[in-house]
Amino acid sequence: FDSDGFSIGDWNNINQSTINYVAWNWKMGTAFSNDASATSVGTIDSTGSVNTTNGQAIISYTGTGSAGTIAHGLDSAPDWIMVKNLDDSSKNWNVYVPDFGNTYLELNTTASGFTGSSYFNNTAPTNSVFSVGTAGSTNASGDDFIAYVFHSVEGYSKFGSYVGNGNADGVFLHLGFRPAWILIKQTGSGEDWEIWDNTRDPDNVLTLRLKGNTTGADVSSTFMDFVSNGVKHRNTSGGYNESGSEYVYMAFAEAPFKYANAR
């Protein structure tokens, strides 16, 4: 990681000759460290990097095997938490979206939402900590973990849920900004994690989609418009606009709304 970007090597996954690539980057903030016994914030020590202005944090911790709480360094309760066990390759990425209740998703699979108190202890995060249970995916004793933690910031990011209408004149998803990037996952059936951005697809209608849980290349179809205050769906796909199906999403802005241009 460089002060003005990042450098890459010659690995084919990121730098094969003549192949097009896309990279998405989030600027983090100051170093963060919390000794739980000294601060009485949380019960499990945590370190990382926190950007309170943008509502995002990268937090590492070592699991205890017992239900506990972890300081995240933000000043509002998280709207989206992704956790990965770094020492056990058999464990999936666990995603907790409080807007979806005590039901969790797996970032690297198409699995439907599932419940279980052993993951995030059936406890909503607060403006200082998030909770983990006893599951090996989020808190195995002695294993190292990484957590990516976000909350919505007006004009910059939005996290939430919606219900599809199954119509080509699809759901309008109000974000309060024109997005640069959006990730959508259906919660109730085995659909992929679907990604659109304004770099691969700068003009409406957006026609290029990637699936974050697969190795697949871009898929082309008529998908959606990025407009000045949100997203307008243009397809009936089960991946993001099936009638009656619930979806969760995370989105980031192209620019603050007061500077956005209509499309």
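Is Asn121 buried, exposed or partly exposed? I looked it up: at 31% relative accessibility, Asn121 counts as partly exposed (buried is under 20% relative accessible area, exposed over 50%, partly exposed in between, with a 1.4 Å probe and protein chains only).

**Ground rules**

I am working on a predicted model, where local features need pLDDT of at least 70, side-chain atom pairs count only at pLDDT 80 or more, and totals for chains, interfaces and linings use all residues. I number residues from 1 along each chain as its sequence is written, and side-chain values use heavy atoms, with hydrogens and water left out.

I stayed with Asn121 for its backbone: its phi is positive, about 60°, although it is not a glycine. Asn121 sits in the loop between α3 and β8 (129–132). For elements I use DSSP runs numbered from the N terminus: helices are H or I with at least four residues, strands E with at least two.

I found Ser40 in the loop between α2 (36–39) and β2 (46–51), and Ser40 is exposed, at a relative accessible area of 66%.

Then I checked omega: the peptide bond from Asn204 to Val205 is cis, with omega near 0°. Val205 belongs to the loop between β13 (193–197) and β14 (206–211).

**Whole chain**

I counted four helices and 17 strands in the chain. Its radius of gyration is 19 Å, close to the 18 Å that the globule rule gives for 263 residues, so the chain is as compact as a globular protein of that length (taken over C-alpha atoms; the rule is 2.2 Å times the number of residues to the power 0.38). Of the 263 residues, 45% count as buried.

**Rings**

I was pleased to find 24 aromatic pairs (rings of Phe, Tyr and Trp, the last by its six-membered ring, with centres within 6.5 Å; planes under 30 degrees apart are stacked, over 60 edge-to-face, the rest tilted). Tyr96 and Tyr104 make an edge-to-face pair, 5.3 Å centre to centre with 75° between the planes. Both Tyr96 and Tyr104 are buried.

Tyr104 also pairs with Tyr119, tilted, at 6.0 Å centre to centre and 50° between the planes. Tyr104 lies in strand β7 (residues 104–106) and Tyr119 in helix α3 (residues 117–120), so this pair ties together parts that are 15 residues apart in sequence.

Elsewhere I traced a cluster linked by ring pairs, with Trp24, Trp26, Trp80 and Phe252 among its members.
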